[in-house]
Amino acid sequence: MDVGALTTAKTYGDVVMVGSGTRRFALDFTKVRYAWVTCIKGGSQLELYDDEGSALAIIAADPYDNRPELAD
(Lines give C-alpha, C1' and ligand atoms only; values in the text may rest on other atoms or scores of the structure.)
Protein backbone atom coordinates (compact mmCIF):
# COMPACT_ATOMS: atom_id res chain seq x y z
CA MET A 1 0.00 0.00 0.00
CA ASP A 2 1.42 3.35 -1.02
CA VAL A 3 0.43 5.92 1.58
CA GLY A 4 2.33 8.81 0.03
CA ALA A 5 4.44 11.19 2.08
CA LEU A 6 4.32 10.33 5.77
CA THR A 7 3.13 13.22 7.89
CA THR A 8 2.65 11.75 11.38
CA ALA A 9 4.25 9.03 13.49
CA LYS A 10 3.43 8.16 17.10
CA THR A 11 4.59 5.32 19.29
CA TYR A 12 2.43 3.35 21.70
CA GLY A 13 4.75 0.94 23.47
CA ASP A 14 6.21 -1.32 20.76
CA VAL A 15 3.70 -0.19 18.12
CA VAL A 16 4.29 2.72 15.75
CA MET A 17 1.28 4.39 14.12
CA VAL A 18 2.15 6.21 10.90
CA GLY A 19 -0.10 8.43 8.86
CA SER A 20 -0.36 10.31 5.62
CA GLY A 21 -3.44 12.42 5.12
CA THR A 22 -6.41 10.08 5.73
CA ARG A 23 -4.36 6.86 5.41
CA ARG A 24 -2.81 5.11 8.40
CA PHE A 25 -0.86 1.97 9.18
CA ALA A 26 0.56 0.39 12.32
CA LEU A 27 3.73 -1.63 12.81
CA ASP A 28 4.33 -3.80 15.89
CA PHE A 29 8.10 -3.94 16.38
CA THR A 30 7.83 -7.06 18.56
CA LYS A 31 7.03 -8.92 15.32
CA VAL A 32 10.15 -7.70 13.46
CA ARG A 33 12.90 -10.31 13.35
CA TYR A 34 14.99 -9.13 10.38
CA ALA A 35 15.67 -5.69 8.92
CA TRP A 36 17.40 -5.12 5.61
CA VAL A 37 18.41 -1.92 3.85
CA THR A 38 18.58 -2.44 0.09
CA CYS A 39 19.97 -0.01 -2.46
CA ILE A 40 19.12 -0.20 -6.14
CA LYS A 41 20.10 2.42 -8.74
CA GLY A 42 20.47 5.26 -6.26
CA GLY A 43 17.31 4.46 -4.29
CA SER A 44 17.12 2.68 -0.97
CA GLN A 45 14.47 1.05 1.14
CA LEU A 46 14.04 -0.49 4.57
CA GLU A 47 12.60 -4.02 4.53
CA LEU A 48 11.19 -5.54 7.73
CA TYR A 49 10.49 -9.28 8.06
CA ASP A 50 9.00 -11.59 10.71
CA ASP A 51 10.31 -14.94 12.06
CA GLU A 52 8.98 -16.82 9.04
CA GLY A 53 10.57 -14.46 6.52
CA SER A 54 7.29 -12.78 5.55
CA ALA A 55 7.52 -9.09 4.76
CA LEU A 56 5.88 -6.89 7.38
CA ALA A 57 6.72 -3.58 5.69
CA ILE A 58 8.87 -2.17 2.94
CA ILE A 59 9.51 1.53 3.45
CA ALA A 60 11.09 3.48 0.62
CA ALA A 61 11.88 7.13 -0.04
CA ASP A 62 10.38 8.95 -2.99
CA PRO A 63 12.89 8.36 -5.83
CA TYR A 64 11.87 11.66 -7.46
CA ASP A 65 12.52 13.80 -4.37
CA ASN A 66 15.79 15.57 -5.17
CA ARG A 67 16.15 17.68 -2.05
CA PRO A 68 19.88 17.61 -1.25
CA GLU A 69 19.38 17.86 2.52
CA LEU A 70 17.83 14.37 2.47
CA ALA A 71 21.08 12.88 1.15
CA ASP A 72 23.08 13.78 4.27
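Me: Is Arg-33 buried or exposed?
Reply: Arg-33 counts as exposed because its relative accessibility is 53%. Exposed means over 50% relative accessible area, buried under 20%, and partly exposed in between, with a 1.4 Å probe and protein chains only.

Me: And what does Arg-33 form a salt bridge with?
Reply: Its partner is Asp-51, with the closest N and O atoms 3.7 Å apart. A salt bridge here is a side-chain nitrogen of Lys or Arg within 4 Å of a carboxyl oxygen of Asp or Glu. The pair links distant parts of the chain, 18 residues apart: Arg-33 is in the loop between strand S3 (23-28) and S4, while Asp-51 is in the loop between S5 and S6.

Me: Is Asp-51 buried or exposed?
Reply: Asp-51 counts as exposed, because its relative accessibility is 60%.

Me: How many salt bridges does the structure hold?
Reply: The structure holds one.

Me: Before I go on, where do these values come from?
Reply: This is a predicted model, where local features need pLDDT of at least 70, side-chain atom pairs count only at pLDDT 80 or more, and totals for chains, interfaces and linings use all residues. Residues are numbered from 1 along each chain as its sequence is written, and side-chain values use heavy atoms, leaving out hydrogens and water.

Me: New topic: how many helices and strands are there?
Reply: The chain has zero helices and six strands. Helices (H or I, at least four residues) and strands (E, at least two) are DSSP runs, numbered from the N terminus.

Me: Which strands make up the open sheet?
Reply: Three strands, in the order S4-S5-S6, with antiparallel pairing. Strands count as paired if DSSP finds at least two bridges between them. S4 (34-40) and S6 (55-60) are the edge strands, each pairing on one side only.

Me: How many bridges join S5 to S6?
Reply: Five bridges join S5 (residues 43-49) to S6. Leu-48 stands opposite Ala-57 in S6.

Me: What about S1 and S2?
Reply: S1 (residues 8-12) and S2 (residues 15-20) pair in the antiparallel sense over five bridges, and Thr-11 stands opposite Val-16 in S2. Their hairpin has two residues between the strands, and Gly-13 takes a positive phi near 70 degrees there.

Me: And how do S2 and S3 run?
Reply: They run antiparallel, joined by six bridges. Their hairpin also has two residues between the strands, and Gly-21 in the turn has a positive phi of about 60 degrees.

Me: Last one: how much of the chain is buried?
Reply: Buried residues make up 15% of the 72 residues.
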